[in-house]
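Here's a quick briefing to read alongside the model.

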Amino acid sequence: MRLLLVEDDAMIGEGVRKGLRQEGFAVDWVQDGRAAELALDNEAYDLLLLDLGLPKKDGLEVLAGLRRKGNAIPVLILTARDAISERVKGLDAGADDYLIKPFDLDELAARVRALLRRKAGRADPIIQVGSLVINPATHEVSLDGQPIALSAREFALLRALAERPGVVLSRTQLEEKLYGWGEEVESNTVEVYVHSLRRKLGTDFIRNVRGVGYMVAKRP
Ligand code: CA
């Protein structure tokens, strides 16, 4: 899952990026409202973490512009503004949730998971495809009741595919979900992770759709 973090406070920005990367998210970080708009126009993000008091363009304006353009990305506001009226304005401008600074990183990660779940149309926090069970909160994976040990990238790739069974994701789309800016992407990295996932889950679980990409087939 690829997230965009918009935060001009360097300490909070560093802390949030590090914390969410440890949770297995790819995180890009920009520090003003205009850079946020540029990034949103050029990359496909799964979720936006948005500070309100920002240089160049206010967070509320960024949010309003986004919704005007019909962009439905889940938005979580991070704000030091504790006035109720600011929170109301943010929600009414199209935000899905908010956290007041200072916040706890575990709570932030849980809210991010909740918004991503809702975006995927799930109420159940557990992702299940046939006998494969994925817990996004604990990163535990099991197949036929047997626990499967996965690396952080293997987990991220499997999660991206299993969240939308029957949908083909291209190599580029998968790379974008695995890596944020400044993280070196090795060539054929997706193939390498698919190969090791097949070794652990069986060869027919992740299908290669020739010339298009990869998918996890729907199961009864
Ligand atoms: Ca700020």
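Predicted model: local features only at pLDDT ≥ 70, side-chain atom pairs only at ≥ 80, totals over all residues.

Gly70 counts as exposed, at 56% relative accessibility (exposed is over 50% relative accessible area, buried under 20%, partly exposed in between, with a 1.4 Å probe and protein chains only). You'll find Gly70 in the loop between H3 and strand S4 (75-79); helices (H or I, at least four residues) and strands (E, at least two) are DSSP runs, numbered from the N terminus.

Residues are numbered from 1 along each chain as its sequence is written, and side-chain values use heavy atoms, with hydrogens and water left out.

**Overall build**
- The chain has eight helices and 11 strands.
- Its radius of gyration is 18 Å, close to the 17 Å from the globule rule for 220 residues, so the chain is as compact as a globular protein of that length (taken over C-alpha atoms; the rule is 2.2 Å times the number of residues to the power 0.38).
- Along the principal axes, the C-alpha trace spans about 55 × 30 × 30 Å.
- Of the 220 residues, 47% are buried.
- Looking at contacts (heavy atoms within 4.5 Å) with a separation of 6 or more, 60% come from residues 24 or more positions apart.

**Calcium site**
- Asp8 (OD), Asp51 (OD) and Gly53 (O) are the protein donors of the calcium ion, 2.1 to 2.3 Å from it (donors are N, O and S atoms within 2.8 Å of the metal, or 3.2 Å for Na, K and Ca; water is not among the atoms, so sites may look incomplete).
- Asp8 is partly exposed at 33% relative accessibility, and Gly53 is partly exposed at 32%.

- Lys101 and Pro102 are joined by a cis peptide bond, with omega about 0 degrees.
- Pro102 sits in the loop between strand S5 (97-100) and helix H5 (105-119).
- Lys56, in the loop between S3 and H3, has a positive phi near 70 degrees without being a glycine, and is exposed at 63%.
- Asp144 isn't a glycine either, yet its phi is positive at about 50 degrees; Asp144 is exposed at 57%.
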